[in-house]
Amino acid sequence: MEVGFTVKMGVAMILLCIAKTTNPKLLDNLLTTKAICPKQCAVCSSIEMLCSGANITDVLNYDMDPQIENLELSNMSLNFIPLEVSHMTNCKKLNLSSNNIQQIEKDALQNLWNLEDLIISNNSIMNIADINPSELFNNTKNIKRLNLSNNHITNLGQNHSTILISDSLEVLDVSQCQILSVVGQIVLSGLTKLKYLNLSNNPILLFGELFSNSITTLNLRGCLLVHLKDNALSGFTQLDLLDISLNDQLFIDNTIHSKTLKTLDISQCSVRIPNLDGMIEIRTVFMNTNRIKRLTAYQFANNSKLINLDLRENHIETVDPLAFYGMTSLMTLDLSTNFIVELSWESVMATLPVLETLNLSYNFISQVGRLKSNSLRRLNFDHCWIHSIPNGAFVQLDKFSELILSNNPLQMLLPGSLNSSHLSFLDLSYCRISHLISYEFVNSPNLTEVRLTGNRLVALKNGTFNKCTKLKYVDLDDNPWMCDCYSADFAYMATLANRTTKHSPIDRTPSCLTPDNVTGMLWHVA
């Protein structure tokens, strides 16, 4: 006892001497050793510690501030959640991804009262019951997001003791797991505030009989669904967006009901009949890259609120004149990359009173009718088979501003075929056009951009665009121009090119084909 007391007194005297004779800051350094941030930790601060791939022993030996809000312990080969984590009572985000965690004790998070974001993706969890889902968040009342993606989970629970329970969770990500079916009202019954459920890229074969008053977004992209029952979505009373794309065997020949769904992505599946009758509130539909062959009369009669419809890259051959009857709100229609040969132009325009954009590119359409619309603004015929356009085809389009006719075998334009007082953008590139009459654009005063690249123009008639006072861009490159310095037509082309090509973001300077002594030269060099 005396020796111990003597030692203590000696140490005290030494420290007292140091205090009197040494700089106070130096004394602090002697008494306090500053911890060094462990290797591979990107950040070590009082509120954030990001240590992906670091040595767990070094991290745990580091004097972590209990006020840390963002803690990352990913890629550390952890088998369990370290006890030290429970002391981080102020932690809002905890990242434990890319470890070997198989189980989580029910009290592992009991002191993390402020936790909002928990990431346990890419671990070794085999069964949802192994994380004690019904009790894990008993004390974590602020949890908003849980990421369990890329684990080996095969189901989301089958009874009250094996389902996730949380009154605050809003986002659940269980994508890229091994879930085979999601069936039954009990599965989501413990998640009363859940808004987004991500089940994408699971081998799900069965889906239905679920119930949720909170989920607004449901992701089933890239699963193995083949069929959905009529009532598959009926239990989702707030569902706003459904993504079931990339279920390449999924076909829908029945009527699926949803009173709330507004956005549907069912692209890259095997849909043969575009049946949307049961979705009366639908606004946007992506049904591209399916196997639809025809659009029958009244196909979308119950979808009066649909605004955007994407049917590109299907096998559509025929479109009934009344196929779009009742679509009084449709503004964008994409029918590109199909096998459409002809359309009943008058009926299509009449049944789509507010249509603004129509994409018919990459079809086999050979004729364009005289179109009439108070709303159409953009029309795309790129890569079709149009040989000619009738006089006044676009005159009755009151708001028409953009016309794409590129890559069509037009060869020549009939007088007045492109008349439009509202047209501002015109693409006639690669249309085999050999000449333009001098008054072709006199009735298109609002043209600001014209593309004539890749045609067979030898000369441009003097004054062709004189009435187009707003013209800023004219692409004249890749044409066999005859550069005759004594020609008024060449002088006009040169002046036009000099005035407009300088605004182009890429070099569009025309080059000469004839005469022989200037072949291949740029016009201003020749």
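Q: Which domains is the chain divided into?
A: There are two in the assignment: domain 1 covers 38–174 and domain 2 covers 366–525. Keep in mind that this is a predicted model.

Q: And how far apart do the centres of domain 1 and domain 2 lie?
A: Going by their C-alpha centres, domain 1 and domain 2 lie 62 Å apart.

Q: OK, let's pick a residue. Where is Asn338?
A: Asn338 is in a loop, the one that runs between β18 (332–334) and α4 (345–351).

Q: Is Asn338 buried or exposed?
A: Buried. Its relative accessible area is 3%, and buried means under 20% here.

Q: So what is Asn338 in contact with, leaving aside its neighbours in sequence?
A: Setting aside residues within four places in sequence, Asn338 is in contact with Leu311, Arg312, Glu313, Asn314, His315 and Ile316, and also with Tyr362, Asn363 and Phe364.

Q: Which atom of Asn314 lies 3.1 Å from a polar atom of the Asn338 side chain?
A: That's the backbone nitrogen of Asn314.

Q: Switching to charges. How many salt bridges does the count come to?
A: The count comes to eleven salt bridges.

Q: Arg312 was on that contact list. Which side chains does Arg312 meet in salt bridges?
A: One is Asp310, at 2.8 Å from N to O. Another is Asp334, at 3.9 Å from N to O.

Q: What parts does the Arg312 and Asp334 pair tie together?
A: Arg312 lies in the loop between β16 (308–310) and β17 (318–319), while Asp334 is in strand β18, so the pair links parts that are 22 residues apart in sequence.

Q: Which residues do salt bridges with shared partners join into one network?
A: Asp427, Glu449, Arg451 and Asp475 are joined that way.

Q: What about Glu135, which side chain does that one meet in a salt bridge?
A: Glu135 meets Lys106, at 3.9 Å from N to O. Glu135 lies in the loop between β5 (117–119) and β6 (145–147), and Lys106 in the loop between β4 (93–95) and β5, so this pair ties together parts that are 29 residues apart in sequence.

Q: Buried or partly exposed, those two?
A: Partly exposed, both times: Glu135 has a relative accessible area of 31%, and Lys106 comes in at 45% relative accessibility.

Q: New topic: which residues make the nonpolar surface patch of about 350 Å²?
A: Val183, Leu205, Leu206 and Leu224 make that patch.

Q: Where is Leu224, then?
A: In the loop between β11 (217–219) and β12 (241–243). Leu224 counts as partly exposed, at 43% relative accessibility.

Q: Where is Gln411?
A: Gln411 is in the loop between β23 (402–404) and β24 (425–427). It is partly exposed, with a relative accessible area of 41%.

Q: And what about phi of Arg432?
A: Arg432 isn't a glycine, yet its phi is positive, about 65°. Arg432 is found in the loop between β24 and β25 (449–451), and at 41% relative accessibility it counts as partly exposed.

Terms used:
Residues numbered from 1 in each chain as written. Predicted model: local features only at pLDDT ≥ 70, side-chain atom pairs only at ≥ 80, totals over all residues. Heavy atoms only, no water. Domains from an automatic or database assignment. Helix = DSSP H or I, 4+ residues; strand = E, 2+ residues; numbered from the N terminus. Buried < 20%, exposed > 50% of the residue type's maximum accessible area, 1.4 Å probe, protein only. Polar contact = N/O pair within 3.5 Å; in protein donor to acceptor, adjacent residues only side chain to side chain. Contact = heavy atoms within 4.5 Å. Salt bridge = Lys/Arg side-chain N within 4 Å of Asp/Glu carboxyl O. Patch = residues over 30% accessible without salt bridge, like charges linked within 9 Å, V, L, I, M, F, W, Y side chains within 5 Å. Areas by Shrake-Rupley, 256 points an atom, 1.4 Å probe, with all protein chains shown as cover.
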